[in-house]
Amino acid sequence: FTDLGFTIGDKKITIGLILIVILIIYFSFFISKTLQNLLSLEIYQRRLIDPTIGTSINRLIHYALIIVGFFSAISILGFELKNFAILGGALGIGIGFGLQNIVNNFVSGLILLLERPVKVGDIIVIGEYSGQVVKIGLRATVVEIFDRSEIIIPNSDLITSKVINWTRINRSMRIKIPISIAYGSDVSKTSTILISLSKAHQNVSKDPIPQVHVIELGDSSIKLELWIWLDDLDYSVSAKTELLEIIEKRFREDEANDFWQPSYLGRDRQFFENHRR
């Protein structure tokens, strides 16, 4: 049964050879998967290697083993690799006309794995989308945006477009909070209150310290900007929301008292605790 087959040119392809080819390709995938699991469990975890580096190494090993398995299968069938030169030339023409985007994305994917400008787990902004990278594939990268949906981005876009990576170096970030006050208000005391309230917030970084800048003298108000730095961008929305609430409450109380009260860090920490209760 294994000797049954057909002839291509002067090569006879038998069922036995086809089974061997299938086994070679299967074992290529099997060895690749086994080696990746072994490296992940025995090497990366014990040596505390960055998981994203481990993912890049695993992908390169997988591609290499599959290519070796493919050419080994071709050799088993009796075809010499030099005979693929003509086929390679034809494929090159096809790639030049119709497959250039696919090849571009594939090469871009290799660049992402080697240079790692963007890696799995990073928070990025590309165009109008922002979210966390969950997978870097052969052709495209999967980004989970903050409404829990996923967007598929071609790898070439991550290489050729402008990408903001919030977490490439660390997870800290700066937030700008616009504040408007009426003309006649004491800008200096307002700045003191804003800085004191910001310092009292548990998620605001102590270095650099919060800052207040006068941005514009508007038609009906003085426009300020409160700059704060957070140690972890995961708290960006909650920290901004809580600060705006506490600033509005503090201004409302001071307005009711008809004067700006002095602001002290200890007092504003207690003010925060009372607000939370």
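How many bridges join strand β3 to strand β4, and do they run parallel or antiparallel?

1. Strands β3 (residues 123-126) and β4 (residues 129-136) run antiparallel, joined by four bridges. Strands here are DSSP E runs of at least two residues, numbered from the N terminus; two of them pair if DSSP finds at least two bridges between them. Ile126 stands opposite Tyr129 in β4. The hairpin of β3 and β4 has two residues between the strands. Gly127, in that turn, has a positive phi of about 65°.

2. This is a predicted model: local features need pLDDT of at least 70, side-chain atom pairs count only at pLDDT 80 or more, and totals for chains, interfaces and linings use all residues. Residues are numbered from 1 along each chain as its sequence is written, and side-chain values use heavy atoms, leaving out hydrogens and water.

3. β4 also pairs with β5 (residues 140-145), antiparallel, through five bridges. Three residues separate β4 and β5 in their hairpin. Ile136 has Thr141 in β5 as its bridge partner.

4. The salt bridge count is two. The rule is a side-chain nitrogen of Lys or Arg within 4 Å of a carboxyl oxygen of Asp or Glu. Asp122 and Lys119 meet at 3.4 Å, N to O. Asp122 is buried at 2% relative accessible area, and Lys119 is buried at 15%. Buried means under 20%, exposed over 50%, partly exposed in between (1.4 Å probe, protein chains only).

5. Glu144 forms a salt bridge with Arg148, with the closest N and O atoms 2.9 Å apart. Glu144 is partly exposed at 21%. Arg148 is exposed at 67%.
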